[in-house]
Amino acid sequence: MPTPRRAATEAEIAAMASGIRLRIIRLTYSEALTNKELAERLDRDPATTLHHVRKLVDAGFLEALPPRRGTRGAKEIPYRSTGLSWHLDSRDRGIDQAIFEAYLAEIADVGFDEVQQTRMVVQVPDEQIAEFETRLMELVDDFISRPVDPDAKRTAIYLSKYPSR
């Protein structure tokens, strides 16, 4: 069975309703990063990135880890994703556009040569749609629940279901 998800609060929805914030959550999923490191990876101004990091910390999506010393001796605070976004049911709650925006930005970063794509249409009777969705989520939940291998290559998946006319 897929992991039960709870409804997202308005504050959680507001925090996730930004493509850049969703990318920050993803970047910090298996690796704690400082604001400076996030800004570099996202090609953004550190002040702007810090604004987004603070919103995510306030909403519970990121946690600040103990400070460390940077290469020049300055105090740096690494941030790591709490995994909260995976436990929320935020469908139809205003973040769809942010998810798509994050996906497009990530594809632009890696380039189309690195993207494996497929498109298909399935004809599933109405009474089997719930089973279809549940089985897809069970597969994803299985891989999400496995321990993170810090040496493994990161793989992102974007899945979209929509009516085919």
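**Pocket lining, a buried threonine and aromatic pairs**

The largest share of the lining of the second largest pocket, three residues, comes from α3, helices (H or I, at least four residues) and strands (E, at least two) being DSSP runs numbered from the N terminus. The model is a predicted one, in which local features need pLDDT of at least 70 and side-chain atom pairs count only at pLDDT 80 or more, whereas totals for chains, interfaces and linings use all residues. Residues are numbered from 1 along each chain as its sequence is written, and side-chain values use heavy atoms, with hydrogens and water left out.

A pocket is here an open set of points on a 1 Å grid over the protein atoms alone, where a 1.4 Å probe fits and protein lies on both sides within 12 Å along at least five of seven lines; lining residues have an atom within 4 Å of a point. The second largest pocket holds about 200 Å³ of space, the volume being that filled by probe spheres set on the points. At least two residues of its lining are supplied by each of α3 (35–42) and β5 (75–76), and the lining includes N35, K36, E37, K75 and E76.

Helix α4 (residues 46–59) contains T49, which at 2% relative accessibility counts as buried (buried means under 20% relative accessible area, exposed over 50%, and partly exposed in between, with a 1.4 Å probe and protein chains only). Apart from neighbours within four places in sequence, T49 is in contact (heavy atoms within 4.5 Å) with I24, N35, L38, A39 and R44. In the loop between α3 and α4 lies D43, which counts as exposed at 71% relative accessibility. The phi of D43 is near 55 degrees, a positive value in a residue other than glycine, although most residues other than glycine have a negative phi.

Three aromatic pairs are present in the structure, rings of Phe, Tyr and Trp (its six-membered ring) being paired if their centres lie within 6.5 Å, with planes under 30 degrees apart counted as stacked, over 60 as edge-to-face and the rest as tilted. The ring centres of F100 and Y158 are 6.1 Å apart and the planes stand at 50 degrees, so this pair is tilted. The pair links distant parts of the chain, with F100 in helix α5 (residues 96–110) and Y158 in the segment after α6 (129–145), 58 residues apart. F100, at 40% relative accessibility, counts as partly exposed, and Y158 counts as partly exposed at 33%. Ring pairs link F100, Y103 and Y158 into a cluster.
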